[in-house]
Amino acid sequence: MPILTHLWIIPLLPLLGAAINGLLGAKWPNRTVSAVAVGSTGLSFLAALECVREFLLLRPEQIPWVQQYFTWITAGTFRAGFDLQVDQLTIVMLMVVTGVGWLIHIYSMGYMGHEGGYYRFFSYLNLFMFFMLILVLGANYVVLFVGWEGVGLASYLLIGFYFLKKSASDAGKKAFIVNRIGDFGFMLGMFLLYRTFGTLDFVPLFAKAAPLHADALGQVGVVTAACLLLFMGATGKSAQIPLYVWLPDAMEGPTPVSALIHAATMVTAGVYVVARSHVLFTHAPTAMLAVAVVGAATALFAATIGLVQTDIKKVLAYSTVSQLGYMFLACGVGAFSAGIFHLMTHAFFKALLFLAAGSVIHAMGGEQDMRRMGGLSGKIRWTYLTMLMGTLAIAGAPLFAGFFSKDAILFSAFQSETGGHILYAAGLFSALLTAFYMFRLIFLTFHGQPRFDEHHVHVHESPKSMLAPLAILAVLSITGGWMAAPAFWGGPDHFAAFLAPVFGAGGAEAGAEAAGPAAEAAAHSLELTMAGVAVFTALAGFLIAFWLYIRKPGTADRIANSVQGVYTTLLNKYYVDEIYAALIVGPLAWISDNVLWRSVDAAGIDGAVNGVAQGTTALGDRLRRVQSGNTRSYAVWVVIGAIVVILAIFWPLLKPAVGMVP
Amino acid sequence: MAGGHLLTILTFLPALGALGLLLLRGEDQEWIRRLALAVSVAEFGLSLLLIPAVPLGSAGYHLEEFRAWIASPPIHYHLGVDGISLFLVILTTFLTPISILASWKSIQHRVKEFFVMLLLLEVGVVGVFLSLDLFLFFLFWEVMLLPMYFLIGIWGHERRIYAAVKFVLYTMAGSILMLVGIVWLYTITGTFDLPAIQKMLQAGLVVLSPRAELLLFAAFFLAFAIKVPLFPLHTWLPDAHVEAPTAGSVILAGVLLKMGTYGMIRFCLPLFPDASRRAAPLVAALAIIGIIYGALVALVQPNLKKLVAYSSVSHLGFVVLGIFAFNTISMQGAVYQMLNHGISTGALFLLVGMLYDRRHTFEIAEYGGLATPMPRLAAFFLFAALSSLGLPLLNGFVGEYLILLGTYQRHWNWAVWAALGVILSACYLLWSYQRVFFGEVTHGKNRELPDASAREKWILAAMAVVILWMGIGSPMFTQRFAASCQNVLDQMQRNQAQEAAAPPAPGISNAPVAASVPGAPHISVERLGNR
C-alpha cells in the first residue's frame with residue numbers, strides 16, 4: 001500500500017512546489033510558475049485520491065492508520081514524533097483541502113495573471129497547502145500544531161500579499177497576532193493534556209481518556225479545562241467570538257486566498273480540532289456548552305453585521321464567521337458529524353461564492369463596493385448563475401448542499417438537552433438573516449440598474465480557467481449534500497455512517513433508532529417538520545430581500561435612516577475593533593512606552609545605576625581633597641588608621657563568633 | 001593526533017591566530033581578514049571533533065586535561081567537555097567566523113586590532129565553557145571582558161565609551177562577588193577543582209550551613225544573573241548592543257549571555273541545590289517579569305537594534321525559567337534555547353548590521369518599504385524573525401515549547417505567565433518588520449539600496465540552514481546533552497536525598513501526574529531518533 005505507508009508524500013509535494021517557486025520562480029515566466037504550483041497541488045490531490053482508495057480497503061481494526069516517520073522533539077519522557085494518521089475524519093478533510101485547494105490554484109492562474117509577484121503568490125499558496133495537510137494528517141497535537149501555526153504564517157503572508165498597502169500589512173499582522181492569542185490557549189491545553197495523560201499522541205491519549213468519568217455540567221475538571229483551552233485556540237483560528245476580528249480584515253488578501261484560506265479550509269481548522277478531540281469534549285459538558293453557546297452567538301452576531309456591509313467580500317467574510325458558528329454549534333451539541341458535514345458543504349459553496357465574487361471584481365476592474373455595481377446578470381452570465389447556485393446552497397434551498405447540513409445542525413441543536421431551544425432559535429434566526437443578506441448581495445450586484453459608469457468600466461466575463469472551477473464548485477454546491485439525503489426519506493445517512501467509526505453512532509437520530517420504531521418515526525417526522533420551518537425561514541429571508549431591493553428599491557435606505565443608531569452600530573461592526581483598541585492595544589502600548597520603558601527602565605533602574613556611578617565620582621572628588629599636601633592632616637590620618645587596624649586585629653578576640661572566614 | 005590535547009588546542013588556537021595577525025603589517029588588510037577567517041574556520045572544524053568525543057547517554061566530562069599549574073594554592077589546569085558545554089563551544093566557534101565575515105567591509109579602521117580582539121574574545125569564551133577549575137574559570141571569565149571592552153569602546157558607535165564602561169563595571173561588580181564566592185568555597189573545601197568540590201559536597205565530606213550555602217549561591221548567582229541578564233540587572237545590555245559593532249553584538253548576544261545561564265547550570269544548581277530551591281520562586285518571578293517586561297519594552301523601541309536587544313532579555317527569561325523549574329524537559333529546553341537564541345538573535349543582529357551598513361542608522365522611522373529595493377534581505381529577515389518568535393519547524397519553537405511544557409508539569413502558573421511571551425514576541429517582531437519592510441518607500445535614500453551581496457547571502461544562508469536544521473532535527477542536539485541535564489538534576493536530588501534520607505522527593509521528577517504512565521525519569525536513548 002504505497003501511499004498509506006508514505007503519507008508524507010501528500011504534504012511534501014506542495015512544499016516542494018513552494019520551495020521551487022520561492023527560490024527560483026522570480027525569473028520564470030508565469031506559465032512555468034503555475035505549472036509547478038498547480039502541478040504539485042494536482043499531484044497531491046491525486047495522491048490523496050489514491051490514499052482514499054487504499055484506505056477504503058483497510059480492515060476496521062487497522063483504523064486509525066498511524067505512520068511514524070521520525071522523532072522530532074524529545075526530552076525526558078516526552079516524545080513528539082513526526083507521525084501522520086488517517087481515519088474517516090482525515091479522509092473528509094483531505095478531500096476538501098486537496099480538492100478545493102487544487103480548484104482554487106487553477107482559478108488563481110487566471111485571477112492573478114496580471115499581478116506582480118506571481119511566483120511569490122503561488123509559493124505562499126503551496127506553502128499553505130503543505131501546512132494545511134500537515135494539520136489534518138498529524139497524529140498528535142504537536143504535529144497538528146505545526147500545521148496550525150504554519151497555516152497562520154501562510155495566511156499572514158497572503159493577507160499581506162499587497163504589502164505596499166498599509167491596510168494589507170496591518171491585516172496580516174493582526175491575523176497572526178490574534179491567532180497567537182488563541183494559540184496561547186492551545187499550547188496550555190497541550191501542556192495540561194500531557195500532564196494529565198503523559199502523551200500527546202491521539203490514539204493513546206483518547207484511549208486513556210475514554211474510560212474516564214465525565215465531568216458534571218458546571219464542574220471544571222482537568223479535561224474540561226483542557227477542552228476550554230483548546231477551544232480558545234479554535235476561536236482564534238476559526239474566527240469566533242471574541243477573536244473573530246481578524247477575519248473580516250483578512251479580505252485584504254487576493255480573492256482566491258479568501259476563498260481557500262479564509263472560507264474553505266484554514267478557518268475550519270478550529271472545528272476540526274474540536275471534532276478531532278471529541279473524546280475529550282464529550283467528557284466535558286461545560287466545555288461543550290461553551291462551544292455551542294459561542295457558536296450560536298457568533299452565528300447570530302456575525303450575521304447581523306453581514307446585513308449592512310457594502311463591500312461584496314466583507315459580506316462573505318461575515319457570512320463565513322457566521323457559518324463557522326453553525327459548525328461549532330453542531331459540535332457543541334454533540335453532533336460532530338453534522339458539524340463536519342457542514343464544514344464540507346460550506347467549503348464547496350463558500351469557496352464558490354468567493355471565487356464568483358472574485359470573478360465579479362475581476363469583471364468590474366477591481367471594484368468591490370456593491371453600491372457601484374448592479375445589473376451585471378446579463379453581462380457575466382456564468383458568474384451570475386454559479387453564484388446563484390452558491391447563494392441557494394448557503395440559504396438552505398431544498399436539495400442544495402447547505403439545506404441538508406444546516407438542517408442536521410438545527411435538528412441536533414433542537415434535540416440538545418441544555419438550552420437546546422434557545423440554541424435552535426438563534427440558529428434559525430441566523431438562517432433568516434443569512435438568506436436575506438445573501439440575496440441582498442445577489443440583487444445589489446446582479447439586478448437592477450447599473451450604478452457605475454458603463455463608459456469607463458468594461459464589464460467582461462472571466463477566462464475559462466476561472467469559470468471551470470466555478471462550474472465544478474457549483475455542481476458540488478448542489479450535489480454535495482446528497483450523501484445525507486436518503487435520511488430524509490427514512491433511509492440511512494451515508495455521511496454520518498461513514499464518520500461513525502470516529503464519532504460513534506451518537507447523535508439524536510441514533511438514539512431515537514435505538515429507542516424503537518415508534519420513537520424513530522416521531523423523530524423523523526419532527527425532523528421533516530423542522531426542515532419545513534427552515535425552508536420557510538429561508539424563503540422569508542429571500543422575500544424580504546426581494547421586497548427591499550427589487551420591488552421597492554430605496555426602502556432599505558429609508559429603514560436605515562429611521563433606525564440610524566442601529567444601522568451605524570452594525571455598519572461599524574458593533575465597534576468591537578475600537579473597543580479592543582481602546583481597552584487593550586492602546587493602554588498596553590502606552591504603559592510599555594511611558595511607564596515600563598521611560599520610567600522604570602530608563603529613569604528608574606538605569607537612573608539608579610548612573611546615580612551610583614555619579615555618586616562614586618562625586619565621592620572620589622571629595623576624597624581627592626584629603627590628599628591636601630598638609631603634613632599635619634596626614635599625621636591625623638595615620639593615627640586614625642592605626643586605631644582602625646588595631647581594632648580590626650583585636651576584634652575577633654573580643655567577639656570570636658563574628659568572623660566568617662576561618 | 002591531537003587526541004589528549006584537543007581542548008587545549010581549541011582554547012588557544014585563536015590566541016595563536018591573534019599572534020599571527022600581530023606579525024602582519026597593518027596595511028595588509030586583505031590578508032589580515034583572510035588569516036582571521038582561516039583561523040576561525042579551522043577552529044570551527046576542530047570543534048566539530050568534540051561531537052564524537054561526547055557519546056550519547058553519557059553524563060560525565062570527556063577529553064579531560066588535568067595538570068598542576070600553581071602549587072599553592074592548588075590551582076589546576078583542568079579542562080573537560082560534557083553534553084552541555086559541547087554545543088556552546090560549537091556555537092561560539094560557528095559564530096566567530098560568521099562575525100568575521102560580517103565585519104569584512106564594515107570595519108575599515110584599525111583592522112588588525114579588531115580581528116585580534118575578536119580572536120582573543122573567542123579564547124575567553126571557549127575557555128569559560130571548558131574550564132573545570134574554578135580559578136581557571138574565573139580567569140577566562142575576566143579574559144573575555146577585555147576584548148569586548150575594546151570592541152565596543154573602539155569600534156562602536158556614538159556613545160561607545162559610556163556603553164563599554166557600563167558593560168565592564170556591571171560585569172565586574174558581579175565577578176567580584178563570584179571571586180569572593182570562589183575563594184570562600186576554597187577555604188571550605190581546600191580545592192578549586194569543580195568535580196572534586198562536587199564530590200565532596202555530594203558525599204557529605206563537606207556540609208555547608210544553609211546560610212553559607214545561600215550566600216555562596218547568591219555570590220555566584222548574581223554574577224551570572226548580570227551576564228544573562230536577568231531583570232532588573234539588564235540595563236547594560238541595550239546600551240552595549242546599540243553601541244557595539246555588528247560582530248560584537250553577534251558574539252555578545254550569541255554567546256556571552258549564555259555564559260550566565262551556563263554558569264547557573266554548571267555551578268549554582270549542582271553545588272548549592274538547597275539554596276537554588278529556596279531561591280527558585282524569586283528567580284522564576286524575575287525570569288517571568290523579564291519575559292513580559294522585555295517584550296513590552298521591545299515593542300515600543302524606536303531603535304531597531306535596541307528592540308532586538310530587549311527581545312534578548314525576554315528570551316533569556318525563558319532560559320532561566322527552564323533552568324529553575326528543575327524539570328528534565330524544561331532543563332533540556334533551556335539548554336536548547338540557549339543555542340537557538342544564539343542563532344536567531346545572532347541572525348537578527350547580522351541583519352540589523354547589514355541595514356546599518358547601508359543607511360548608518362538604527363531608527364525604524366528612517367526605514368519603511370525596504371522589501372521593494374531589497375527583497376532577499378527582507379525574506380531573510382522574516383525568516384530570522386519567525387525563528388525568533390518560535391514558529392514550529394524552526395529552531396526557536398522547540399526550545400520554548402520544551403521549557404514551557406516542562407515548567408508546566410511542575411508549576412503550571414509559571415508556565416501560564418511565561419507563555420504570554422509567545423504572544424508578545426509575535427507583536428514586537430511583526431510590528432517592527434512591518435514598519436521596516438512593508439509599505440511604500442518613504443525616504444528617498446532607501447529607494448536605491450542594494451539587496452544582499454554575495455557575501456551577505458552566504459552568511460545569511462548559513463544561518464538559515466542552521467535555523468531550519470535545529471528546528472526539524474532537534475534530537476540530534478538534545479540527545480547529546482540529555483544525560484548531562486539529567487545529571488545536573490540528579491546531583492541536586494542526591495544531595496537532598498542524602499540529607500533528608502527521604503524517598504524521592506516530589507521535586508525533580510519529570511513524570512506526568514497520571515499514575516497510569518510509567519514515570520521513568522531517565523532518558524531512554526534506544527527509542528529515540530533511531531529511524
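Reader: How are helix 9 of chain A and helix 12 of chain A oriented to each other, roughly parallel or roughly antiparallel?
Author: Bear in mind that this is a predicted model. The axes of helix 9 (residues 222-237) and helix 12 (residues 269-276) of chain A come within 7 Å and cross at roughly 155°. Angles over 145 degrees count as roughly antiparallel. Helix 9 of chain A and helix 12 of chain A are therefore roughly antiparallel.

Reader: And which residues of helix 12 of chain A does helix 9 of chain A meet?
Author: By class, that contact has six nonpolar, three polar and one charged residues. From helix 9 of chain A come Leu230(A), Phe231(A), Gly233(A), Ala234(A), Thr235(A) and Lys237(A). On the helix 12 side, they meet Ala269(A), Gly270(A), Val273(A) and Val274(A).

Reader: Which element of chain A has the lowest mean pLDDT?
Author: Chain A averages 89, with 97% of its residues scoring at least 70. Helix 12 of chain A has the highest mean among the elements, 96. Over residues 507-512 of chain A, though, the pLDDT is below 50, and that stretch has 14 contacts beyond near neighbours in sequence. The lowest mean, 49, belongs to helix 22 (residues 508-514) of chain A.

Reader: OK, over which residues of chain B is the pLDDT below 50?
Author: Chain B has a mean pLDDT of 89, and 92% of its residues reach 70 or more. One stretch falls below 50, although it has 57 contacts in the model beyond near neighbours in sequence. Where pLDDT is low, the predicted coordinates should not be read in detail. The stretch to watch in chain B is residues 500-531.

Reader: Now the two chains: which helix of chain A supplies the largest share of the side that touches chain B?
Author: The model scores ipTM 0.89 and pTM 0.90, and 45 residues of chain A are in contact with 56 residues of chain B. Strand 1 (65-75), helix 6 (141-159), helix 7 (166-197) and helix 26 (576-624) of chain A each supply at least two residues to that side. By class, the side of chain A that touches chain B divides into 26 nonpolar, 10 polar and nine charged residues. The largest share, 15 residues, comes from helix 7 of chain A.

Reader: Last one: is Ser106(B) buried or partly exposed?
Author: Ser106(B) is found in the loop between helix 4 (83-102) and helix 5 (111-130) of chain B. Not counting residues up to four places away in sequence, Ser106(B) touches Pro245(B), Thr246(B), Gly353(B) and Asp357(B). A buried residue needs 20 or more C-beta neighbours within 10 Å, and an exposed one has 12 or fewer. Ser106(B) has 14 inside 10 Å, so Ser106(B) counts as partly exposed.

Methods: Residues numbered from 1 in each chain as written. Chains lettered and ligands numbered in written order. Predicted model: local features only at pLDDT ≥ 70, side-chain atom pairs only at ≥ 80, totals over all residues. pLDDT = per-residue confidence, 0-100. Contact = placed C-beta atoms within 7 Å. Helix = DSSP H or I, 4+ residues; strand = E, 2+ residues; numbered from the N terminus. Nonpolar A, V, L, I, M, F, W, Y, C, P; charged D, E, K, R; others polar. Axes fitted to C-alpha atoms, helices over the stretch in contact; angles between N-to-C directions. Parallel < 35°, antiparallel > 145°, perpendicular 65-115°, else oblique.
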